[in-house]
Structure formats: C-alpha cells, structure tokens
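I opened this structure to look up a few side chains, the pockets and the ring pairs. My entries follow in the order in which I made them.

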Amino acid sequence: MKNLLTGFIIFSCLSGISQTVKTLQVKGLNGPNGFAISEGGQLFIANETGKQVVKIINDSTTEVVLTSDSPDGLTFDDTGNLYVSNFYSGMILKMRTGSVDTIAKALNKPSDIKCDTEGNLFVSEYEAGSIKKINKHGEINEIASGLKFPFGLAFDNIGNLYVASNNTGEIYRIDSKGTVNVFAQITGTLSYLAFSKKTEKLYATCFTCHDVYIIDMQGNKKVLAGNGVAGDKDGPLTEAQFKDPNSIAISPDGSLYISEFSVNRIRKITGLEN
C-alpha cells in the first residue's frame, strides 16, 4: 500500500454539541480506502486489500456491494450511480442498479475519483502525475500534468478542484481554466480530501503525522483533531489519537468519517457543522 494520506482540512465550528472523536465498531474492514456518502446519507467504503466495496449500516455492520481488484476512490453522481477507481488494474467502474460497467481502462494508477456538478468525472493518476477528465460520453482528456503523486480530490462550491500530493504534502488548486497553483502545504504524507459546502472549508488527513487538518479558502491550515501521536484514543479533538488516518468524508448531518488503513478502523468526529 502506498503511504497515502487523505488530506482533510477545515476550521471547526462550535455547534452546541461536544466535539469528540469516537471509534466505530465496524467489522469486515480490510484496508479501508476511499469513502463515498449517498444522497440519503449511506456510507460506502473501498476495501482495497479486501478487494471489495462495502456499505456500512448503522455505523456497525458491512454489506458487500461490489467485488473489484483494487478499489481506491469512490464517488456518486447526482443520479445515484457509484463510480470506483481501481488502482492496480487502471480501470474505472460504474455501478448502478443491476449492472457494473467499465467506463475507462489503462489509466496509470488511478487513485481518487470525483464527480462535478455537470456529471463529469475527474481522476487522479498517481504514477503519471496527472488529472484526467471523463465526460458523459466517455471521452477522456488530461486537464493537468506534472503533479507530484496526486491522490485525494475535492471540489469547492465554485468548481475549483483540490488535489492532495501523496508524497510531498502539497495541496494543489486547479481552476476552471486548468491553471494549477499550490494552495497549501502540510508537512507529511497526504491521502484523501473532503470539502464542506456549508462552511467552505477543506479537510485533509495526514497519514504520517496522524492528524486531521482543516484549511480555509485562503490556504490557512491548522490541526482539527489529533495530537501527532499514533494511537487509538477517543475523546476531545486535541486529545484524540489516530493511526495512519486515510480517507475522509462529511455526512449530511455534519459528522466527519475517517478511515485508518493499517488498523482497519473507522473514526467519527461529531459536533461539527458542515
């Protein structure tokens, strides 16, 4: 497994509810990577090592919905179709009721995948250092190149695409014209990203520093949760400990889900506003 770190960054907001980290007692995890949350709030996760995509029910049990060779990134479109990037086979799968279709092949280590508001898919090619766009007709075009091990992706409210560099800790911002700039820098290894549409903040997980970050739209960053020590401690945000935090996602109620790849865990931060 790559040293991936789901980069998530966002400034916390007190909502009158205690902000805490808790460990979910979820069975059946095996190398948890990318998250996706359906419109109805159902959590899905890619078990890369286990070669499955599973649905998590009531924050506890898992149900296999797809078997795949190396699922990494997950995303839904606005009609409820689920897309899966397969890191080692280079394929993108589309799952809908009753069928699974291959919509792209021969990509160079596709890691994360995200859908924009127009239904286009964007894929980070980890080894090629590029971002590919797949439109509704299946046409594939490169929108950015020369990136350093791009991994996690997230869109903001105006269509800018954020890309986490897995090895350098840089977060790139790509605007609608394809201009690439370094938006923020974190010391450590990043994996996935998540964006809060409500507060316009970005979340990022740092795999090697065992923290969850939050970043505002000016690129200012700070630790949201974790104390920099690898562990499994629940509780208040600054006292909690994570072990290799990887994927990250925001639920409709504002809770934050974080996967820990090496120890097959899911943590949940409650009391946030998204």
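**Entry: glutamate 260.** I use buried for under 20% relative accessible area, exposed for over 50% and partly exposed for what lies in between, with a 1.4 Å probe and protein chains only. The residue sits in strand 24 (residues 256–260). Strands here are DSSP runs of E with at least two residues, numbered from the N terminus.

I then looked up what its side chain touches. The side chain of glutamate 260 reaches the backbone nitrogen of lysine 243 at 2.7 Å. It also makes a polar contact with the side chain of arginine 265, again listed at 2.7 Å. A polar contact is a pair of N or O atoms within 3.5 Å; within protein, one must be able to donate a hydrogen and the other to accept it, and residues adjacent in sequence count only if both atoms are side-chain atoms.

**Note on the model.** This is a predicted model, in which local features need pLDDT of at least 70, side-chain atom pairs count only at pLDDT 80 or more, and totals for chains, interfaces and linings use all residues. Residues are numbered from 1 along each chain as its sequence is written, and side-chain values use heavy atoms, with hydrogens and water left out.

**Entry: serine 191.** Serine 191 belongs to strand 18 (residues 190–196). Its relative accessible area is 0%, so I log serine 191 as buried. Its side chain makes a polar contact with the side chain of asparagine 246, at 3.0 Å.

Entry: What volume does the largest pocket have? I noted about 1,400 Å³. Its lining counts 49 residues, and Thr75, Lys114, Cys115, Phe155 and Lys197 are the closest to the centre. Two or more lining residues come from each of strand 2 (32–37), strand 6 (71–76), strand 10 (110–115), strand 14 (150–155), strand 18 and strand 23 (245–250). Strand 18 gives the largest share, 5 residues. By class I get 22 nonpolar, 14 polar and 13 charged residues in this lining.

The second largest pocket has about 240 Å³. It is lined by 14 residues, and nearest its centre are Tyr83, Lys94, Gly119, Asn135 and Lys136. The classes here are 5 nonpolar, 4 polar and 5 charged.

My terms: a pocket is an open set of points on a 1 Å grid over the protein atoms alone, where a 1.4 Å probe fits, with protein on both sides within 12 Å along at least five of seven lines; lining residues have an atom within 4 Å of a point. Volume is the space filled by probe spheres set on the points, which are joined across faces, edges and corners. Ala, Val, Leu, Ile, Met, Phe, Trp, Tyr, Cys and Pro count as nonpolar, Asp, Glu, Lys and Arg as charged, and the others, Gly among them, as polar.

**Entry: rings.** I counted 9 aromatic pairs (rings of Phe, Tyr and the six-membered ring of Trp, centres within 6.5 Å; planes under 30 degrees apart are stacked, over 60 edge-to-face, the rest tilted). Tyrosine 126 and phenylalanine 149 have ring centres 5.4 Å apart and planes at 45°, so this pair is tilted. Tyrosine 126 is in the loop between strand 11 (121–125) and strand 12 (130–134), and phenylalanine 149 is in the loop between strand 13 (140–144) and strand 14, so the pair ties together parts 23 residues apart in sequence. Tyrosine 126 is buried at 11% relative accessibility, whereas phenylalanine 149 is partly exposed at 35%. Ring pairs link Phe87, Tyr88, Tyr126, Phe149, Phe151 and Tyr192 into a cluster.

**Entry: positive phi.** Most residues other than glycine have a negative phi. Glutamate 200 has a positive phi of about 55°. It lies in the loop between strand 18 and strand 19 (201–206), and is partly exposed at 38%. Histidine 210 has a positive phi near 60°. Its loop runs between strand 19 and strand 20 (211–215). Histidine 210 is buried, at 12% relative accessibility.

**Entry: leucine 153.** Leucine 153 is in strand 14 and is buried at 0%. Its C-alpha atom is 9.9 Å from that of cysteine 115, 38 residues apart along the chain.

Notes:
Helix = DSSP H or I, 4+ residues; strand = E, 2+ residues; numbered from the N terminus.
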